[in-house]
Amino acid sequence: MKRIKASLLALCLAVSMSVTAYAAENNAQSAEAQQIQKAVTEFNSNKTEQGIATISKLIKEQPQNTLALFERGKMYLVSNQDAKAEADFVKLIELEKDKAFANYLVGDFYAQAGKFDKAMEYIDTAIRTDAKLAQAYFVRAIVKEAKNEAGVVEDLSQAIAAEPKYIEAYLARAGAYLRNNQLPQAEQDLNKAISLAENKAQINYVVAQMYLGAQNIEKAIAAATASINAQASAQAYALRANAYSAQKQYASAVADLDKAIEMAPKAAELYMIRGVANANLGNLNQALTDTNKAIELAPNLAMAYLNRGMIDLGLNKQTDAKADFKKAVSLNPKLAELVPAEFK
C-alpha cells in the first residue's frame, strides 16, 4: 500500500498523533517545540548529523521529553542506526502513560520504514495492552498484507468494530476484497467509506482509482464522475480519461483530457496521455503535438519519448523514431522491452 512505499524522508515530516497531543499540552511556539522543529527541518534537508545533534541537545536538557525522543528515534531509524532508534523508542514507552498507544506509534513507524518484523512486535504489544485500539489493528493488517500473511480482512474488521467510522479501514478492507474478487463485499465497504467522508470529491476519486485498478471500468467511471460532480479537478478528469481509454472510448478520453489540461496546463503527463488517446483515434499529427509539449514541459519523461517514437513510426519518420527510442531507453532502461525489435 502507498503508506508502506512512501519515501522515508517524507515520513519524517508526518505529524504523528503523539505530536498533536504534545502540541495540545505545550505551546507550539515554545522554545522546545521550536528546537524540535529546527532539528526535523535540518534532518529533512539532508543535514542528518546536524539534525540529530540539535535534538540530542534538547534531550540532554530534558531527558523526559517524549516527543523529542520519538523524533530522534525516527531520525536514527531512517539513518540506519537501528540500535539507537530502539533505545529511544524503549525509553519513550517507559515514559508514556498510555503504553498501548505508545507501542502503536512506534510499531506504525517501523511499518512505514519497512521493518515489518519489528513493527509486528510493537503492534502485537499494543493490541495485548488495549484490545480496542483500532489503529493498531489497521497497521497490523497493512503489515500482514506486505508480508503476504493471512488475517488482513480479520484485522481490518477488528479495526472497524472498534471504530465504526474508520474510513481508511473500510477502504483497505475493500481493497482486500477486490483482490479476492469479492465484489459485493468490496462495493459495500466503498459505499460506506463514501457515506462517511466529508470530502466527496476526494473519496470518490480514491474509490475510482481502486475500481480502475481492479479493472471494474464502469464503476471507475461512475466514481470519477461523482468526484467531478462534487468538485471538478484535473486529476479526476485524467482518471476518468484513463477509464474511458480502457474501454477504447478515446474520443471521450480526449474530451476529459482537454478539461484536465485547461485546469493544469503545465502538467506534462496530461499532454502525454492525451497524445496516446489521439494516436489511438488516428490523429497522429495532434498526438505528435501533444507529446512534443509533454517533452517540452518534462524533458526527462522517458515514456513520452517512447510514445513519440511510436508516433514517428506511424508518420513514417524512421530516423526520428530511432532517436526517440534511444532517448527513452537512456532515461529508463526498462523501456527497452517495449521498443520494436528492429530498433533495439
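Contact here means heavy atoms within 4.5 Å. The model shown is predicted.

**View 1. Helix 17 packs against helix 16 and helix 18.**
Helix 17 covers residues 250-263. Its buried residues are Y250, A253, V254, D256, L257, A260 and I261. Seen down the helix axis, these buried residues fall within an arc of 165 degrees, so they line one face of helix 17. They pack against helix 16 (234-246) and helix 18 (268-280). The face turned away from the buried side carries the exposed residues A251 and E262. Length fits as well: at 1.5 Å a residue, the 14 residues of helix 17 should span 20 Å, and the end C-alpha atoms are 20 Å apart, which agrees.

**View 2. Helix 21 has a buried side and an exposed face turned away from it.**
Helix 21 runs over residues 318-331. A321, D324, F325 and A328 are buried. Down the axis of helix 21, the buried residues fall within an arc of 100 degrees, so they line one face of the helix. What covers them includes helix 20 (302-314). Turned away from this buried side are the exposed residues T319, K322, K326 and S330. The 14 residues of helix 21 should span 20 Å at 1.5 Å a residue; its end C-alpha atoms are 20 Å apart, in agreement.

**View 3. R140 joins its side chain to D124 and D155.**
R140 sits in helix 10 (residues 134-146). Its relative accessibility is 16%, so R140 counts as buried; the cut-off for buried is under 20%. A polar contact of 3.0 Å links the side chains of R140 and D124. Another polar contact, of 2.9 Å, links the side chains of R140 and D155. Leaving aside neighbours within four places in sequence, R140 is in contact with M120, I123, D124, I127 and D155.

**View 4. V106 lies in the largest nonpolar core.**
This core has 109 residues. Helix 8 (residues 99-112) gives the most to the core, with nine residues. F89, Y104, V106 and V207 are the residues with the most contacts inside the core. Around V106, once its neighbours within four places in sequence are left aside, the contacts are F70, F89, L92, I93 and Y122.

How values were computed:
Residues are numbered from 1 along each chain as its sequence is written. This is a predicted model: local features need pLDDT of at least 70, side-chain atom pairs count only at pLDDT 80 or more; totals for chains, interfaces and linings use all residues. Side-chain values use heavy atoms; hydrogens and water are left out. A nonpolar core is a set of buried Ala, Val, Leu, Ile, Met, Phe, Trp, Tyr and Cys residues joined through side-chain atoms within 4.5 Å. Buried means under 20% relative accessible area, exposed over 50%, partly exposed in between (1.4 Å probe, protein chains only). Helices (H or I, at least four residues) and strands (E, at least two) are DSSP runs, numbered from the N terminus. The expected span of a helix is 1.5 Å times one less than its number of residues. The arc is that of the directions from the helix axis to the C-beta atoms. A polar contact is a pair of N or O atoms within 3.5 Å; within protein, one must be able to donate a hydrogen and the other to accept it, and residues adjacent in sequence count only if both atoms are side-chain atoms.
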